[in-house]
Amino acid sequence: MSALTWTLVIISQLALVAGQLFLKHAMTRREQADPRGWIGQLMIGIVTMTVWFLLWLGAMARVDLSKLMPMEGLSPLLIVVGAIIFLRERLDWRGWTGVALTCVGVVLVSAS
Amino acid sequence: MHESLLKTKLPTPARGWVWNPYFQILLTVVLTAAAQILLKIGADGSAGDPSVGAWLGFHELADGWTWLGILAFVASFGSWLYALRFLPLGLAFSLTNGVHILVPLGSWLFLHERLGPLRIAGISVIIVGILLLAQSVARAEEKA
């Protein structure tokens, strides 16, 4: 993979994590006594997810799927870490093992 | 664990299995997998179709599959947003990996793609991972 493709893939993964964090933030905000701004955050989330989708398509056009899929497998891990840092979510050891196994499974499925 | 932004508790969903956030995650997963397969069918249909005039009916059908796929994607987004109201993001997103179980199974059933041993192993590993995630949720809900 060239430097450009790597950059595309990394930015697309960052967009995925940011987009999902915004969506979750918007939906949590919506439930609060003062839900101001939730629609704006939802829109930011949707736009960021669109950026992710386009970048991911761009990466798929340049790289074999088998090389991209380990990155796809990594995305739940990135999202869990993002949710811990920015949304103060917690995960017990079962949850961590579950996340790790699903990541490995995704890579196995796509490696074949 | 069921604490999130600004330390607010997540709301309780309405009664009935349709409103159960885990059912909605399942719906997200099934719809996303269906969308992928429908889009693939649509793409294959139009790819092997150089003469548009002669294959007009077939072409239309191919487009129909594609649009059905897009519709399924939009619907899956709706159920995903619903589920996010009630579940922590990290957990909900990890559960959506069920897509990687359904897509190879669906491709095997409907597109006659091969289901090799590595794929079956991967599917099994994902199933174990999702069961562990489910247990992790159950524990967290007991404590809450």
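Reader: Okay, what scores does the predictor give the complex?

Author: The complex gets an ipTM of 0.86 and a pTM of 0.81.

Reader: And chain A, how many helices and strands does it have?

Author: Chain A has 4 helices and 0 strands. Going along the sequence, the pattern is α-α-α-α. The C-alpha atoms of chain A fill a box of roughly 50 × 35 × 20 Å along the principal axes.

Reader: What's the confidence like there?

Author: The mean pLDDT of chain A is 88, with 97% of its residues at 70 or more. Within chain A, helix α3 (residues 65-87) has the lowest confidence, at a mean of 86, while α1(A) has the highest, at 91.

Reader: Let's pick a helix. Why would I say the span of α4 in chain A agrees with what a helix should have?

Author: Work it through: helix α4 of chain A covers residues 93-111, which is 19 residues. At 1.5 Å a residue, α4 of chain A should span 27 Å, and its end C-alpha atoms are 27 Å apart, so the two agree.

Reader: How about α2 of chain A, what does it reach?

Author: Helix α2 of chain A (residues 38-62) has 25 residues and reaches 36 Å from its first C-alpha to its last, close to the 36 Å expected.

Reader: Switching to chain B. What's it made of?

Author: Chain B has 5 helices and 0 strands, and from the N terminus on they run α-α-α-α-α. Chain B has 144 residues, and 35% of them count as buried. Among the contacts in chain B with a separation of 6 or more, 71% are between residues 24 or more positions apart.

Reader: Where is the confidence of chain B lowest and highest among its helices?

Author: It is lowest in α2(B), at a mean of 81, and highest in α3(B), at 91. Over residues 1-7 of chain B the pLDDT is below 50, though this stretch has 20 contacts in the model beyond near neighbours in sequence. Where pLDDT is low, the predicted coordinates should not be read in detail. For chain B as a whole, the average pLDDT is 80, and 79% of the residues score at least 70.

Reader: Can you show me one residue from α5(B)?

Author: Take B:I126, which sits in helix α5 of chain B. B:I126 touches A:T102, A:G105 and A:V106, as well as B:N97, B:H100 and B:I101, leaving out residues up to four places away in sequence.

Reader: Is B:I126 buried or exposed, and why?

Author: B:I126 is buried, because it has 25 other C-beta atoms within 10 Å and 20 or more is enough to count as buried.

Reader: What about B:F86?

Author: B:F86 lies in helix α2 of chain B. B:F86 is buried too, because 21 other C-beta atoms lie within 10 Å. Setting aside neighbours within four places in sequence, B:F86 is in contact with B:L10, B:P11, B:P13 and B:P21.

Reader: Last one: which residues touch the most other members of the largest nonpolar core?

Author: Those are B:A34, B:A83, B:L84, B:L89 and B:A92, in a core of 52 residues. Helix α1 (residues 3-30) of chain A gives the largest share of this core, 10 residues. As for B:A92, its contacts beyond four places in sequence are B:I25, B:A83, B:L84 and B:L87. In soluble globular proteins, nonpolar side chains tend to be buried together.

Terms used. Residues are numbered from 1 along each chain as its sequence is written. Chains are lettered from A and ligands numbered from 1 in the order in which they are written. Helices (H or I, at least four residues) and strands (E, at least two) are DSSP runs, numbered from the N terminus. A residue is buried if 20 or more other C-beta atoms lie within 10 Å of its own, exposed if 12 or fewer, and partly exposed in between; C-beta atoms are placed from the backbone. Two residues are in contact if their C-beta atoms, placed from the backbone, lie within 7 Å. A nonpolar core is a set of buried Ala, Val, Leu, Ile, Met, Phe, Trp, Tyr and Cys residues joined through C-beta atoms within 7 Å. The expected span of a helix is 1.5 Å times one less than its number of residues. pLDDT is the predictor's confidence in each residue, from 0 to 100.
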